Amino acid sequence: MNGNQYYLNIFKVTENQLKMLTDTALAHGGDFSDLYFEYTTYFNLLLKDEVVSSGGFHTDYGVGIRVLKGEKTGYAYSENTEMADMMQAAKAASAIALGTSGSCTYAPVRDKTYDLYPMAANWRARSAEAFLPFLKELEKEVFSRDTRIIKVIARMSDSVSDVMMFNSLGELTCDTRPMGSVTVTAVFQQGGKTENKTASRSFRMGAELIGPDLVRELSDEVVKGIDERFEATRPKGGQMPVVMGAGASGILLHEAMGHAFEADFNRKGQSIFSDRMGRQVCPKGVNVVDDGTVAFNRGSGNYDDEGVPAQKTYMVEDGILRSYLHDRISASWYGVPSTGNGRRENFRYNPIPRMRATYMESGEADPQGIIADVKQGIYVDEFSNGQVKIGEGDFTFFVKSGFLIENGRLTAPVKDINIIGNGPQALADIVAVGNDLKIDNGTWTCGKEQSVPVSCGMPTVLVSSLTVGGE
Amino acid sequence: MIDNNEISIAKFCIDSALRQGASGARVSLTQSIIDSCMMLNGELDKVTHSADRSIYMYIYADGRYGTFSTNRLERDELEDFIGKAISMVRMLGEDLCRTLPEAGRTAKDARTGLELDLYDATIAESESGTRLERTDRISIYRDLTRKWEQDGYLIADGTGHEYRLISEECEYTESFEDNYVCDSNGFEGRHTETSFSAFCEMTIEDSEGNKYSGFWWDATPKFSELDLKGCSARALDKAVRQIGPKSRRGGHYRMVVDCNAASRLVSPLFTALNASSIQQKMSFMDDTLGKRMFPEGFTIMDMARTAGKAGSRLFDTEGVATKDAPIIEDGVVKQYFINTYMSNKTGLEPTVEDISRPCVMPYLKDEVLSLAEKDLSLEVIMKHCGSGVLVTGFNGGNCNPATGDFSFGVEGFAFSRGKVTHPVREMLITGNMIELWNNLIAAGTDARSSARWQIPSLAFEGVSFSA
């Protein structure tokens with residue numbers, strides 16, 4: 001990380017000017033104000049039809065100014081950091097305090113700080129030329145893995161964000177956040193049928209991400225299970241036990257339970273968990289975590305977007321609901337410290353409670369034993385397109401691949417089905433947790449009002465009954 | 001509004017790109033202002049003001065291509081930015097299919113941005129007090145709590161279910177967007193649009209502690225056409241109608257899809273009709289151009305040039321002129337969406353790059369329809385179908401772009417003799433897009449006039465439901 005002066009120089013402001021801005025923002029009597037400066041460079045390349053024929057870079061620069069009065073928010077931003085324009089935005093945000101009653105205390109935050117994603121090779125120092133051989137090598141390696149492949153599409157992108165946050169408590173926090181992502185899709189043809197598979201990796205790290213290890217890892221994954229994909233059919237639908245494979249099944253945890261633990265939904269009474277704090281929500285021994293401290297993880301941040309240091313938050317500990325995910329507003333409302341979950345897409349948005357890396361910790365069961373215990377059910381290991389209704393807790397997930405379980409063994413492959421259930425009920429119906437937690441490092445992005453990078457993980461888990469869509 | 005100085009900046013970018021070695025360039029300059037006001041339980045909760053101005057550049061050099069954007073619009077910074085952009089383009093692989101559209105295909109009639117009558121000048125007079133007052137008009141919280149305080153609970157019309165209100169969230173948003181596009185082939189086009197929207201989400205709790213939520217919205221280019229007052233009552237009605245859901249046994253049922261949810265079943269068709277999907281072998285509509293793939297009498301039009309209607313546009317992002325044209329006519333596929341790049345790649349005649357304002361035309365199986373004679377509302381369609389499942393929303397799911405196989409979570413109601421009997425929960429539908437649409441029973445006449453996509457209520461025979 002760089003020193004504060006580096007960031008003050010980027011945004012062409014002084015600490016005195018920062019103070020003037022927060023003072024102006026509070027001129028109408030707000031309780032708290034903060035500034036979020038951001039300079040982001042974004043770069044991307046696309047390989048398609050055997051040539052890297054498209055790419056580009058993009059820059060974004062500006063400052064968001066927020067005023068809080070009680071739990072009420074005023075927000076405005078400026079795309080330049082001329083003092084006059086920032087003052088105008090501060091005045092616009094300050095209007096929230098006019099005619100708004102109530103107040104809250106926003107306390108300074110002091111906690112352990114991290115350096116979770118030092119860049120060995122800064123993306124900004126590399127040109128496109130450095131990455132072209134990587135994409136070509138990735139394409140070549142994928143083609144070499146299976147003669148049925150007729151197309152390979154490979155994308156890489158990186159971004160570096162310089163972020164500076166200052167608030168009316170006098171806290172100045174700065175961070176440089178890298179992100180590198182690579183996605184490869186292979187299109188297969190066999191006997192007149194077409195199937196495609198995608199593999200991706202995304203990390204908060206520098207250009208050292210790009211190399212032969214990543215080529216090998218993505219190539220392995222993108223061809224894995226393609227035979228089964230061609231053979232796969234839709235199973236007979238109905239209610240049945242579901243074994244969720246380790247890794248990407250964590251997206252189910254994110255959607256079906258994680259959102260309902262976000263404190264804004266609970267503060268408003270809308271979440272199905274809003275009156276269950278301190279109560280048993282799943283079997284003893286189950287721990288559900290939202291973690292901003294995993295080194296190089298896509299969902300991690302040295303600080304959240306309110307300047308609160310990274311934390312690891314146990315939402316469910318030994319089966320008991322222990323904590324919601326808080327930003328400063330909900331933390332003040334509940335009278336607890338922020339959990340460092342105040343996140344935003346960029347300076348154009350005000351922060352709200354968002355997940356980071358959400359996962360269930362390993363249990364003690366042997367994954368093979370979990371499958372062996374199921375007489376008739378389904379095993380799922382690849383998901384997309386999850387959705388949840390926060391109030392009702394009902395969720396639906398599209399399963400890209402999995403297997404039937406018959407008499408304790410994986411048998412016929414299945415695909416293109418949904419599973420549907422109710423979050424609290426599914427948590428309560430967990431009957432086994434494997435000892436094989438795996439974090440999925442794909443390009444997961446959460447879309448609650450704004451897009452933010454996240455990740456997820458799960459050990460192998462057995463839920464005694466969920467509805468599976470089928471023929 | 002974009003002013004002459006900003007237009008000169010866009011043209012400067014074209015000149016700069018050509019001067020620094022590009023063979024062609026297109027620049028899209030966008031200015032937007034969005035103001036939102038949100039209320040939670042009848043009290044102001046959040047006020048936001050957004051003002052954006054950015055440039056997006058498409059640069060062609062030495063048979064190569066790249067895209068670039070920035071919100072730093074000082075000329076000296078842009079000059080440097082464009083120089084670096086061209087250097088990067090030159091590092092990429094050659095692809096001679098990347099070209100600007102021919103000048104003859106670009107729109108000539110989008111000079112002021114106001115041609116489509118999508119701009120409401122009253123937005124300039126709106127201020128924070130006005131927006132707050134409009135947000136307050138959406139809210140019915142105070143009326144509801146007054147009743148609640150009297151009786152201790154609320155009673156649902158029709159069903160008599162008791163419930164209490166957990167939260168009401170109302171949002172009023174007004175936005176303005178001005179987009180100016182020019183290219184090095186001489187194209188200049190402008191699109192100016194305002195939007196006024198009202199939104200409400202209600203969360204309630206029944207007497208057993210189960211929560212339900214419902215939302216409603218309205219959005220129009222002109223404020224005078226916006227239905228502010230109706231949102232909350234409709235949102236509340238949607239929440240209340242869900243009380244007491246029952247599971248329904250899986251099986252094959254007639255499915256009626258409410259017009260507010262029906263676009264979910266139409267969008268996979270447009271994705272599959274895009275030449276990019278077809279060229280990448282990821283389309284279930286490959287090799288269907290000119291073929292009858294859908295029932296006779298079934299038609300989807302692209303009504304891109306309807307004045308005063310959201311979704312209309314005179315040119316696509318390449319600057320290519322749109323036109324009102326059939327996409328599927330009488331069951332026959334009439335058009336793929338083919339941009340310049342895909343045309344050069346595939347040899348197919350270029351069209352437009354994607355759908356603008358699709359309109360599913362009225363349809364009733366085995367009957368010749370005259371729009372003037374038929375009023376195919378949701379109620380009429382349900383009566384026509386007799387019994388089945390009325391789908392009012394989708395919850396997750398996917399459609400395989402290569403095969404058209406789909407599986408969606410659905411929410412809605414069982415109905416019998418044309419009348420809703422009870423809400424259903426945790427149901428899924430599965431099938432194949434082509435088969436689904438070939439089992440179409442009816443497409444109504446009730447598409448919401450404010451919607452960008454004019455998709456009416458739809459009915460299908462024999463859909464597979466799991467529960």
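## Strand pairing in chain B around β1

Two strands are taken to pair if DSSP finds at least two bridges between them. In this predicted model, β1(B) and strand β2 (residues 43-61) of chain B are joined by 17 bridges and run antiparallel. Within this pairing, Met38(B) stands opposite Lys46(B) in β2(B). The hairpin formed by β1(B) and β2(B) has two residues between the strands, and in this hairpin Asn41(B) takes a positive phi near 50°.

β1(B) also pairs with strand β5 (residues 162-183) of chain B, in the antiparallel sense and over 15 bridges. Here the bridge partner of Leu40(B) in β5(B) is Glu169(B).

## Domains of chain B

Chain B is divided into domain 1 (4-34 + 49-105), domain 2 (121-240) and domain 3 (251-466). The C-alpha centres of domain 1 of chain B and domain 2 of chain B lie 38 Å apart, and 18 residues of domain 1 of chain B are in contact with 14 residues of domain 2 of chain B.

On the side of domain 1 of chain B that touches domain 2 of chain B, at least two residues are supplied by each of α1 (4-19) and β1 (24-40) of chain B. β1(B) gives the most to that side, with eleven residues. By class, the residues on this side of domain 1 of chain B divide into eleven nonpolar, five polar and two charged.

## Helices α1 and α2 of chain B

The axes of α1(B) and helix α2 (residues 75-91) of chain B come within 10 Å and cross at roughly 40°, an angle that makes α1(B) oblique to α2(B). In passing α2(B), α1(B) makes a right-handed crossing.

From α1(B), the residues Ile9(B), Phe12(B), Cys13(B), Ser16(B) and Ala17(B) meet Arg75(B), Leu78(B), Glu79(B), Ile82(B) and Ile86(B) in α2(B). This contact of α1(B) with α2(B) has seven nonpolar, one polar and two charged residues.

## A four-stranded sheet in chain B

Chain B also holds an open sheet of four strands, with the order β11-β10-β9-β12 and antiparallel pairing. Its edge strands are β11 (332-333) and β12 (358-360) of chain B, each of which pairs on one side only.

Inside this sheet, strand β9 (residues 300-302) of chain B and strand β10 (residues 325-329) of chain B pair in the antiparallel sense over three bridges. Met301(B) stands opposite Pro326(B) in β10(B).

## Helix contacts in chain A

The axes of helix α2 (residues 15-25) of chain A and helix α3 (residues 83-94) of chain A come within 8 Å and cross at roughly 30°, which makes α2(A) roughly parallel to α3(A). The crossing of α2(A) and α3(A) is right-handed. α2(A) contributes Gln17(A), Leu21(A), Thr24(A) and Ala25(A) to the contact, while α3(A) contributes Met83(A), Met86(A), Met87(A), Ala90(A), Lys91(A), Ala93(A) and Ser94(A). The residues of the contact of α2(A) with α3(A) divide into seven nonpolar, three polar and one charged.

For helix α4 (residues 132-145) of chain A and helix α5 (residues 212-223) of chain A, the axes come within 9 Å and cross at roughly 35°, and α4(A) passes α5(A) in a right-handed crossing. Glu137(A), Leu138(A), Glu141(A), Val142(A) and Arg145(A) of α4(A) make this contact with Val215(A), Leu218(A), Ser219(A), Val222(A) and Val223(A) of α5(A). By class, the contact of α4(A) with α5(A) has six nonpolar, one polar and three charged residues.

## Interface between chains A and B

Between the two chains, 64 residues of chain A are in contact with 52 residues of chain B. The elements that give two or more residues to the side of chain A that touches chain B include β2 (51-69), β3 (72-78), β4 (149-167) and β6 (193-203) of chain A, with β14 (376-388), β15 (394-406), β17 (417-422) and β23 (461-468) of chain A also among them. β2(A) gives the most to this side, with twelve residues. By class, the side of chain A that touches chain B has 21 nonpolar, 29 polar and 14 charged residues.

Strand pairing also links the chains, for β2(A) and strand β3 (residues 64-70) of chain B pair in the parallel sense over three bridges. Phe57(A) stands opposite Phe68(B) in β3(B).

Note on methods:
Residues are numbered from 1 along each chain as its sequence is written. Chains are lettered from A and ligands numbered from 1 in the order in which they are written. This is a predicted model: local features need pLDDT of at least 70, side-chain atom pairs count only at pLDDT 80 or more; totals for chains, interfaces and linings use all residues. Axes are lines fitted to C-alpha atoms, for helices over the stretch in contact, and angles run from 0 to 180 degrees between N-to-C directions. A crossing is left-handed if the near helix is turned anticlockwise from the far one by less than a right angle, and right-handed if clockwise. Two residues are in contact if their C-beta atoms, placed from the backbone, lie within 7 Å. Ala, Val, Leu, Ile, Met, Phe, Trp, Tyr, Cys and Pro count as nonpolar, Asp, Glu, Lys and Arg as charged, and the others, Gly among them, as polar. Domain bounds come from an automatic or database domain assignment. Angles under 35 degrees count as roughly parallel, over 145 as roughly antiparallel, 65 to 115 as roughly perpendicular and the rest as oblique.
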